Amino acid sequence: MDPDRRAAVESQALEGVKERTEQGHRAAGRTPPTEETAGRQKGASRVVDESIRDYPSYVTEDEKLLATPSVQGIAGPADFTRTDPWRVMRIMGEFIEGFDTLSSVERGVTVFGSARTGPDDPQYEAAVEVGRLLADAGFTVVTGAGPGIMEAANKGAKLAGGRSVGCNIELPFEQGANPYVDTLVNFRYFFVRKTMFIKYSVAFIIFPGGFGTLDELFEAVTLIQTGKIYQFPVVLFGRHYWAGLIRWLQTRVLSEGKISPGDIDLMVLTDDPREAVDAVVQAYHAQIITAQSRA
């Protein structure tokens with residue numbers, strides 16, 4: 001309840017995200033982008049539009065968009081180039097760039113998971129194998145482009161000669177893309193990036209991760225639950241890690257009638273890379289049949 005305490009906790013949370021990302025790069029034997037040569041452009045943006053960047057360098061476009069004008073205190077002169085209608089055009093441009101770059105992605109599967117998972121972790125090795133098996137089966141591997149599990153999945157696809165896509169996001173510090181991405185798209189807005197993950201994927205495979213991973217998990221399950229997407233498998237990799245969440249959903253959320261009995265079955269749990277990929281393959285064929293029946 002204490003505003004000063006909340007501000008301190010929020011600052012610590014951001015530092016935690018930065019620390020986890022840096023740890024993932026170091027575990028892979030790389031210097032984190034935040035520690036590279038001074039003068040390097042920060043954030044994921046390819047083009048810096050100075051007309052709406054009259055802010056401190058660490059303020060992201062997402063923060064500018066979501067800030068309440070009356071309290072943000074950094075709005076600057078109230079001319080059109082610093083207003084939300086102007087940003088709508090930037091958002092449109094970001095959607096267009098994403099659609100254009102990813103339009104050739106076929107049979108994409110997005111793999112999520114922690115950025116801090118190192119190459120010596122069994123989960124990293126499993127993600128490499130998942131990426132390899134997906135590529136062998138003709139799927140494109142899509143990730144958030146960062147280190148850790150994302151890197152592992154991109155690496156597996158790359159080693160198998162498949163297509164490896166990364167959707168990076170602008171953060172107050174530079175996340176950097178892992179070296180196994182061959183198609184990279186940089187986003188300023190989380191919601192645009194999330195749309196691309198869903199639009200160009202036929203399945204999600206979700207490894208152990210934090211809030212961002214959980215966000216993508218429940219986004220997909222909600223879209224399935226409400227009939228926005230269909231025959232879309234959500235594979236939770238790592239039974240031990242996800243067991244507590246599933247138990248809570250069953251004993252609390254389901255028992256109180258907040259979800260229906262079948263909703264739990266929208267998620268598949270496994271510890272086997274082959275089983276995860278087989279679930280994707282089977283669901284993809286079912287998607288084709290369902291799409292043809294609706295045509």
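Predicted model: local features only at pLDDT ≥ 70, side-chain atom pairs only at ≥ 80, totals over all residues.
**Opening question**

Let us start with the overall layout. Seven strands form an open sheet with parallel pairing, in the order β4-β3-β2-β1-β5-β6-β7. The edge strands, β4 and β7, each pair on one side only. On average, neighbouring strands of this sheet are turned by 20 degrees against each other, direction ignored.

Strands (E, at least two residues) and helices (H or I, at least four) are DSSP runs numbered from the N terminus. Two strands pair if DSSP finds at least two bridges between them. Axes are lines fitted to C-alpha atoms, for helices over the stretch in contact, and angles run from 0 to 180 degrees between N-to-C directions.

Strand β1 (residues 108-112) runs parallel to β5 and is joined to it by four bridges, with valine 109 opposite alanine 203. Together with helix α8 (residues 211-225), β5 and β6 make a right-handed β-α-β unit. A crossover is right-handed if, with the strands pointing away from the viewer, the path from the first strand over the helix to the second runs clockwise.

**Strand β3, covered on both faces**

Now to β3 (residues 164-169), which pairs with β4 in the parallel sense over five bridges. Within that pairing, cysteine 167 stands opposite valine 185. Six of the six residues of β3 are buried: Ser164, Gly166 and Asn168 on one side, and Val165, Cys167 and Ile169 on the other.

Strand β2 (residues 140-143) runs parallel to β3, and three bridges join them. The chain crosses from β2 through helix α6 (residues 149-159) to β3 in a right-handed β-α-β crossover. Threonine 143 is opposite glycine 166 in β3.

**Helix α4 and its contacts**

The axes of α4 and α7 come within 10 Å and cross at roughly 25 degrees. That makes α4 roughly parallel to α7, as angles under 35 degrees count as roughly parallel, over 145 as roughly antiparallel, 65 to 115 as roughly perpendicular and the rest as oblique. The crossing is right-handed, meaning that the near helix is turned clockwise from the far one by less than a right angle.

Glutamate 97 lies in α4 and is partly exposed at 27% relative accessibility.

**Salt bridges**

The whole structure holds 11 salt bridges, each a side-chain nitrogen of Lys or Arg within 4 Å of a carboxyl oxygen of Asp or Glu. One of them joins arginine 188 and glutamate 94, whose closest N and O atoms are 3.7 Å apart. Arginine 188 is in the loop between β4 (183-187) and α7 (190-199) and glutamate 94 is in α4 (residues 84-102), so the pair ties together parts 94 residues apart in sequence. Arginine 188 is buried at 13% relative accessibility, and glutamate 94 is buried at 3%.

Another salt bridge, at 3.9 Å from N to O, joins arginine 239 and aspartate 271. Arginine 239 belongs to helix α9 (residues 239-254) and aspartate 271 to the loop between β7 (267-270) and α10 (273-294), 32 residues apart. Here arginine 239 is partly exposed at 41%, as is aspartate 271 at 43%. Glutamate 256 and lysine 258 meet at 2.9 Å; glutamate 256 is partly exposed at 41%, whereas lysine 258 is exposed at 56%. Finally, Glu129, Arg132 and Asp136 are linked in a salt-bridge network.

Key: Residues numbered from 1 in each chain as written. Heavy atoms only, no water. Buried < 20%, exposed > 50% of the residue type's maximum accessible area, 1.4 Å probe, protein only.
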